[in-house]
Amino acid sequence: MTFRHIPWARPIAMLAMLSILAACGLPQVGPNKRQILAGSVQNNGNAHIIAVNDAVARATAVVPALGFSSDFRNAAQLNSDTIRPGDILGLTIWENVDDGLLAGATGNSTPLEEVQVDGEGYVFVPYAGRVRAAGNTPEQLRQSITERLEQQTPDPQVEVRRMAGDGSTVSLVGAIGAQGVYPIERPTRTLATMLAQAGGVSIEPEIAQITVTRGNQKGRIWFQDLFAHPELDIALRNGDRILVEEDTRRFTALGATSTQARVPFETQDLSALEAIAQVGGLISRASDPTGVFVLRQEREEVANAVLGRRDLRGPQRVVYVLDLTEPNGLFMARDFRIRDRDSIYVTEAPYAQWAKSISIIFGAITPLSSLDSLAGS
């Protein structure tokens, strides 16, 4: 059986393949640069397209600061000597007689351990009755008990020790060395000292956040800021709840990047350059360095500032464009700050699309060459 050589078969096949590619398009990781720019407000789209420059980088560099309100900052430190309801006291009473009211036959001192101050602020002492303790210092309570006992026994000597009680405690939970309930004592009156008492944070300090809940108020601060700036430390109050947790901010990386994922922040301030590096950088044979886009729901005041307008109301869809090939493109990427919920999208390079076309065409030509060989045999 013989095959006739058809000289026009290969050109027709190539034209057919090119027609199919033109009609159907090539597979791609997402929209290309031209398609994104076509969706701008200027082209009747729904997003503002803004090229990043020095002015834009400065206007968008506003990162919400963490810190405590004036109610937290202005609260004075608790006086650890002041007795409060729920505190536990230790009492020892000496009597200047051999056979005293409280002392046994073998000694003249009587220890009263773990005497708790009741809800009304009183303690009960034998032969002295109910004595007001809350609001007094241990020295003031000692004098009150002494005055009561002097009516019963000559020259009594009283010692009052303020022990840890449940009247002045805070709870620590989360990524802390030792979770639990801790008393507010002389060495642990402030947030920083209480964290140290609990063993410090158990996560990377740079991304650790401390939240203090007091009643219906809540304040949050970076762990590193708390220790770098002692003036930001606050006094603790009974019932404070302290939560130590990892930074919850995330950004999304998509397109022609080494990794496509939802990525946690690794530092307090994250630049676009650092974010790209965090996902493995661009792909040398696929990424378009002129088409790095940051998609953000921008706040009203920032959107007006970067666009030079005053009429925008409410959050705005903004797409910031970074061109890493410009003379200062890398500096712009270093100065532009990424914020929580940003999406970084890197478009595919035109070369990558062209390479796909060549691969598909020549992949189709190979079988045709084999067919021609058969036809010529």
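Student: In this predicted model, why is T146 called buried or exposed?

Tutor: T146, which is found in helix α5 (residues 138-149), has a relative accessibility of 10%. Buried means under 20% relative accessible area, and therefore T146, at 10%, counts as buried.

Student: Which residues is T146 in contact with, leaving aside its neighbours within four places in sequence?

Tutor: With those neighbours left aside, T146 is in contact with P156 and V158.

Student: What makes T153 count as buried?

Tutor: The place of T153 is in the loop between α5 and β6 (157-163). Its relative accessibility is 5%, and because buried means under 20%, T153 counts as buried.

Student: How do you know that the side chains of T153 and E95 are joined by a polar contact?

Tutor: The contact between these two side chains is 3.1 Å, and a polar contact requires a pair of N or O atoms within 3.5 Å, so the value for T153 and E95 meets that distance limit. Leaving aside neighbours within four places in sequence, T153 is in contact with E95, V97 and L101.

Student: What makes β1 and β13 edge strands of their sheet?

Tutor: The sheet is open and has 6 strands in the order β1-β16-β15-β18-β12-β13, with mixed pairing. At its edges stand β1 (48-51) and β13 (261-264), each of which has a single partner strand, so one side of each is left without a neighbour in the sheet. On average, neighbouring strands of this sheet are turned by 25° against each other, direction ignored.

Student: Which residues touch the most other members of the largest nonpolar core?

Tutor: That core has 27 residues, of which F251, Y320, L322 and I338 touch the most other members. The elements that give two or more residues to this core include β12 (250-255), β15 (287-298) and β16 (316-322). Apart from this core lies another, of 26 residues, among them F68, L78, A198 and I203.

Student: What is Y320 in contact with, leaving aside its neighbours within four places in sequence?

Tutor: Among the residues in contact with Y320 are I50, V52, V292, V294 and F336.

Student: How many of the residues in the protein chain are buried?

Tutor: Buried residues make up 40% of the 377 residues in the protein chain, whose secondary structure comes to 11 helices and 18 strands.

Methods
Residues are numbered from 1 along each chain as its sequence is written. This is a predicted model: local features need pLDDT of at least 70, side-chain atom pairs count only at pLDDT 80 or more; totals for chains, interfaces and linings use all residues. Side-chain values use heavy atoms; hydrogens and water are left out. A nonpolar core is a set of buried Ala, Val, Leu, Ile, Met, Phe, Trp, Tyr and Cys residues joined through side-chain atoms within 4.5 Å. Buried means under 20% relative accessible area, exposed over 50%, partly exposed in between (1.4 Å probe, protein chains only). Helices (H or I, at least four residues) and strands (E, at least two) are DSSP runs, numbered from the N terminus. Contact means heavy atoms within 4.5 Å. A polar contact is a pair of N or O atoms within 3.5 Å; within protein, one must be able to donate a hydrogen and the other to accept it, and residues adjacent in sequence count only if both atoms are side-chain atoms. Two strands pair if DSSP finds at least two bridges between them. Axes are lines fitted to C-alpha atoms, for helices over the stretch in contact, and angles run from 0 to 180 degrees between N-to-C directions.
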